[in-house]
Each structure stands twice: as C-alpha cells, then as structure tokens.
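Good morning, and thank you for making the time.

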Amino acid sequence: MTTVGFIGSGSIGSTIARLAIEAGHRIVLSNSRGPETLADTVAELGPRASAAPSGEAAAAGDIVVVTVPVKAFPNLPAAPLAGKTVIDTCNYGPERDGHIPELDSKSLTSSELLLGYIPDAMVVKAFNNIFFKHLLSLARPAEAADRSYLPIAGDSAPAKAAVTEFIESIGYSVVDAGPLADSWQQATGTPVWGTPYGPFSNQKGQPAGEDAIRAALAAATR
Ligand SMILES: NC(=O)c1ccc[n+]([C@@H]2O[C@H](COP(=O)([O-])OP(=O)(O)OC[C@H]3O[C@@H](n4cnc5c(N)ncnc54)[C@H](OP(=O)(O)O)[C@@H]3O)[C@@H](O)[C@H]2O)c1
C-alpha cells in the first residue's frame, strides 16, 4: 500500500484519489481552504482517506500529486516536498492562470516551472492529458484488452518507476514520453491531450492503447 498525498483535491485530484482508494492505497487530501472543507469527500472515500493542511499532506505522501492551477505554484510547500516523487497533473491556461512569460515564450514547460518552485522534488508529469471523467471511466484491470495508456515525462528514473507502479495499480499503463523538458509534447492542445480518449461530450470516453498514445506524442509540434 502506498500513501498518496494530494495538493489540490478538485476534479482531477479527487478522481485520482478515488481510483487510488479503489486500488487499496491510503490518501491524504488537501486544498487551499483547509481540511474541514474536505470532510464530505473524505467520508465518501472511507477509512483510508483523510485530509490535512497542504504541508502535512505533502509530508505524509510516499508519492504526492500536485493538482492545482499553475498560478498556485508559488504557494506550494517546498520543504516537505524535498526528496519526494511528485506527480504534476497541471496545465497552463492564461485565461485562468494569467500570463506567465516563460510559458508564453515556451522557454520552459509548465513542469519545469513547477520544479523551479520545488527544486528538491522529483517531478513526473502525468494525468494532465486526460479529462477527469474519462480518467474515472476508462480505468481497467491489468489483464483487460482495452486498457488505456497515459504518457509520463520526468528526469528521475526511480520517480518514473514509482509513478508507473502507481498508475499501473489504478487501472492504466504508461508510455515513457522522455524528460520534463519534452513534456510540452503532452501539454494543452497537443495531439495526445484529450483527443485519444474521445470527446468531452461522451463521459465514458474511448480506450486509447499504446500505439495511439505513441503516435499522438510523435505528432506533436511546438
Ligand atoms: N479537470 C480536468 O479534467 C483536468 C485534467 C487534467 C489536468 N488538469 C489540470 O490539473 C490541475 C487541477 O485541475 P482541476 O480541474 O482538478 O482543478 P479544480 O477542480 O479547480 O481544483 C483545483 C484544486 O486546487 C486547489 N488549490 C488551489 N490553490 C491551492 C494551493 N495554493 N494549495 C493547495 N491547494 C490549492 C483547490 O483548492 P480550493 O478549492 O480550496 O481552492 C482545488 O482543490 C489544473 O492545472 C488543470 O489544468 C485538469
């Protein structure tokens, strides 16, 4: 059993948390407003779920999922994330996040920007390319023929291995999409972002296998 800390417990965070609970993991949720505001979610998820302030959720996790608006990166608790494997689900959207020059100019990926705020963490980009409703509905057991694949990008081989094991445990397989500097290949608007899993209007989604995800990554242009 892995303990997964969450910084952010919105649409995507709470969906990953639900899949993690179903897979037998322990989870610690957090948000910007405080643990008391997560009481209903914790009650729904059951005894292996709890909520805490963000710093405590970060400290508790063997893996920590950072799943917040990019504009919240400067407020993340860097000290308890030192040495941790961190999954970054986040996508940059200037309409929500305001304009961030390094991202507008594409001199950094959003994951590299995140790493700048939590420099001692081992960041792996994952889950950013799938709609949260598809993430819930497309999870499949390991032996299923229609298992979907998710791209992961990161600079630490051990962190990627830990994230792969976690993702495998909650119903997906992974495609290694290279280092964090290449994570633009799975950013908002790229071929692998959303489309392989079907339109947002169909909440069930469609399974996307390894070949489809590799082809979509290869088709990305910057
Ligand atoms: N929605 C999707 O299908 C989807 C899919 C893939 C990736 N993403 C990306 O993943 C990230 C999260 O998306 P979402 O849709 O889950 O967003 P969301 O529903 O708006 O949830 C955002 C969460 O972040 C929390 N938060 C904000 N600032 C924080 C801070 N300083 N410390 C701790 N928690 C903080 C919020 O807490 P409060 O509510 O208390 O403010 C909330 O729990 C975004 O970057 C998004 O682009 C989304």
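I begin with Ile12, which lies in helix H1, spanning residues 11-22; helices here are DSSP runs of H or I with at least four residues, strands are runs of E with at least two, and both are numbered from the N terminus. Please keep in mind that this is a predicted model, in which local features need pLDDT of at least 70, side-chain atom pairs count only at pLDDT 80 or more, and totals for chains, interfaces and linings use all residues. Residues are numbered from 1 along each chain as its sequence is written, and side-chain values use heavy atoms, with hydrogens and water left out.

Ile12 counts as buried because its relative accessibility is 16%; buried means under 20% relative accessible area, exposed means over 50%, and partly exposed is in between, with a 1.4 Å probe and protein chains only. Leaving aside residues up to four places away in sequence, Ile12 touches Thr67, Thr89, Phe127, Ile130, Phe132 and Leu135, where contact means heavy atoms within 4.5 Å. Between Ile12 and Asp155 there are 143 residues in sequence and 23 Å in space, C-alpha to C-alpha.

Ile12 also leads us to the largest pocket. Which residues lie nearest the centre of the largest pocket? They are Ile12, Thr67, Val68, Pro69 and Arg96, out of 36 lining residues. The space in the largest pocket is about 800 Å³. For the method: on a 1 Å grid over the protein atoms alone, a pocket is an open set of points where a 1.4 Å probe fits, with protein on both sides within 12 Å along at least five of seven lines, and lining residues have an atom within 4 Å of a point. Grid points are joined across faces, edges and corners, and the volume is the space filled by probe spheres set on the points.

By residue type, the lining of the largest pocket divides into 16 nonpolar, 17 polar and 3 charged residues. Here Ala, Val, Leu, Ile, Met, Phe, Trp, Tyr, Cys and Pro count as nonpolar, Asp, Glu, Lys and Arg as charged, and the others, Gly among them, as polar.

The side chain of Asp97 reaches the backbone nitrogen of Lys71 at 3.2 Å, and a polar contact of 3.1 Å joins the side chains of Asp97 and Arg96. A polar contact is a pair of N or O atoms within 3.5 Å; within protein, one must be able to donate a hydrogen and the other to accept it, and residues adjacent in sequence count only if both atoms are side-chain atoms.

Ser9 sits in the loop between strand S1 (3-7) and H1, and its side chain reaches the backbone oxygen of Ser30 at 2.7 Å. At 15% relative accessibility, Ser9 counts as buried.

In soluble globular proteins, nonpolar side chains tend to be buried together. In this model, the largest nonpolar core has 41 residues, and those with the most contacts inside it are Ile16, Ile27, Phe127, Leu135, Phe166 and Ile167. H1 gives the largest share of this core, 6 residues. A second, separate core of 21 residues includes Val68, Val86, Leu114 and Ala121. Such a core is a set of buried Ala, Val, Leu, Ile, Met, Phe, Trp, Tyr and Cys residues joined through side-chain atoms within 4.5 Å.

Where is Phe127 found? It is in the loop between strand S6 (122-125) and helix H8 (132-137). Phe127 counts as buried because its relative accessibility is 1%, and its phi is near 70°, a positive value in a residue other than glycine. Ile27, in strand S2 (residues 26-29), is buried with a relative accessible area of 0%.

**Lys106 and the second largest pocket**

The second largest pocket has a volume of about 390 Å³. Its lining comprises 20 residues, of which Leu103, Lys106, Trp184, Ala187 and Thr188 lie nearest the centre. Lys106 is in the loop between helix H6 (101-104) and helix H7 (110-117), and has a positive phi of about 65° although it is not a glycine. Lys106 counts as partly exposed, at 48% relative accessibility.
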